[in-house]
Amino acid sequence: MVKNNFKAILLGLTFIVLSACSEAPSSSDVRPYYVATVKIDPSMTEADIIAKYGGDIVLLKPEAGFAVLAFNQKEGELSTLATTTANQNSFSAPEVSASGSAAWGGGSAAWGGGWSAWSGGWSAWSGGFSAWSGGVSDGGPANNRTAWEHIKLREAHAISRNFGEGIVVAVIDTGIDLNHPMFAGRLVASSQWRDFIDNDYYPMEASSGSGRGHGTAVASIILQIAPKAKIMPIRVLDAFGNGDTDDVAKAIDWAVTKGAHVINMSLGTHAHDYTLFEMATYANNRGLMIFASSGNDGGFGTMTQPGTYGIYNGPYMKTVGIASINPNRQLSSFSSYGDELYGAAPGESIQGAFPGSQSASFKGTSFATPMFTGAAALALGEMSSVSARANLSDYMSNSLDWQFAQSIGIPGARLLNVEQLIRSLPGFSEPQYLIRSVQSNKCLEVSGANTSNGGNIDQLTCTSTNLSHRWKLKPVGDYYQIINVNSGRVADVSGISYDNGASIHQWSYGGGNNQKWQVLTNGDGSFSFRVVHSGKCMDVYGGSSADGANIVQWGCHGGNNQKWRIQLAN
């Protein structure tokens, strides 16, 4: 029987998995003892390669000039190839322990059940430019508040337009719980799924074992950052988090072949794996960044591959290692780091999905890594041109918080800043919105295009080109400023009144609670604005549908004159 406050602690954050083939599952269940990568001439046939090097072909990439070979124990021990490495269980995953549970959907601790997304939870956007998910505190997602503050996720969602829509993220891991409500409608077509452990196309998390829940959590964190992205689940680690190099190589190839835009590998190995390096480079050369965990061995020089590869990428930095920070903005005691480290993100007490329609709390660099992956997906979704997307690594690197790394004395621990990433993208323009009354379909406006303090806010027939009809929504702590584009002033309850019917006008922002608003989802595509100081809602006075009807505060009752639709205007 499960208890409340389900927690899954992932300790030992270094692992990778490998085990399958490229298109159709192989009929062979024999696991190679060794693998090697060899350079080939594009004109060489499979027979030529086997005659020259021996073994069996795992992957053949003539266009890239290499092949991956597999050897049995005797062949491998006799091989003179410098790239020959042990294959079986080369990669391992940390254990996942469960000490309770929180139901997914239903009840005050619900994480969304039927939401279209739960990014950020307590006030974050999702589902497109005009739809927010979560509203105020909705249980699970609120537990990530501190993490989102550190990486400025709410600020990023407030200026995002597409939320990762159209972007495919390959999660190479223990598989996922394919039936979890978190993933409903958020996975790629099943023809793009792959399980290299069971050698089939159904990458379901194991029902037991120390690695259970790892991949599910990783994928769910990505979707909290980029709620409209699609997950491509690829299983390469078994129930205990162990995996083979040949499977990992095939998984990377699968992700590239099936059209992934970015890869998450919350796993690693301490072995110098030539095959893994060749496959990571192959993916990078085809435009994919790979985000990998740095490892959980806690110290300098303990990073795992492929997280160490960034140092070999030079300025391109397309396969990179991610460390974990704690809620106090310090490097986590368990986090591996080194000269090869690329960046850092929160990796302690991170709330995510867990198999069996559950939620859980996770710990490890495995869960810092998908924050970077999700940020990359969010950024890719904001860019439409192939050339712009090809420069993702530059935008990622230039947007990181270098001062944070200096403050903790670890040069590579540059903190993720999702807002700065979105603002750094080519062609960025901050979203502006029309706020329409459900009752009248008229727009919130500053009367007469007044730019002065005290300018009255009323409703008028919408004119999208009129800047006094346009608004920006800016996060302030747990709440939002509602900012008029024409005047730059904020919606304000006049005189800090607590009375029903008190006028809402515009005023210079001073930080008062009469200028801060909660944005609450109504479940029908509309939203309500509740002012913090009085707890009353923005209201069209008297339920009027007339032009010029005054906007006031009133006790929240859920009527259509207190419901608003948010529509992108630029």
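One cavity of 30 Å³ or more is found in this structure, which is a predicted model. The space in this largest cavity comes to about 50 Å³. Its lining is made up of Gly287, Met289, Lys318, Arg389, Ala390, Leu392 and Ser393. Two elements, α9 (386-390) and α10 (392-399), each give two or more residues to that lining. By residue class, the lining of the largest cavity holds three nonpolar, two polar and two charged residues. Met289, Ala390 and Leu392 belong to the lining and are of types that count as nonpolar. Lys318 and Arg389 also line the cavity, and Lys and Arg count as charged. Gly287 and Ser393 complete the list of lining residues; Gly is among the types that count as polar.

The model has two disulfides. With bonded cysteines counted along the chain, the pattern of pairing is 1-2, 3-4.

One of these links is formed by Cys443 and Cys462, with 1.9 Å between their sulfur atoms. This separation meets the criterion for a disulfide because the cut-off for the sulfur pair is 2.5 Å. The link of Cys443 and Cys462 is right-handed, with 100 degrees about the S-S bond. Cys443 is in strand β22 (residues 443-446), whereas Cys462 is in the loop between β23 (457-460) and β24 (471-476), so the bond ties together parts that are 19 residues apart in sequence. Both Cys443 and Cys462 are buried.

The other link joins Cys537 to Cys556, with an S to S distance of 2.0 Å. Here the angle about the S-S bond is 95 degrees, and the link of Cys537 and Cys556 is right-handed. Cys537 belongs to strand β30 (residues 537-540) and Cys556 to the loop between β31 (551-554) and β32 (564-568), so this pair ties together parts that are 19 residues apart in sequence.

Conventions
Residues numbered from 1 in each chain as written. Predicted model: local features only at pLDDT ≥ 70, side-chain atom pairs only at ≥ 80, totals over all residues. Heavy atoms only, no water. Helix = DSSP H or I, 4+ residues; strand = E, 2+ residues; numbered from the N terminus. Buried < 20%, exposed > 50% of the residue type's maximum accessible area, 1.4 Å probe, protein only. 1 Å grid on protein atoms, 1.4 Å probe; cavity = no way out; pocket = protein on both sides within 12 Å on 5 of 7 lines; lining within 4 Å. Points joined across faces, edges and corners; volume = space filled by probe spheres on them.
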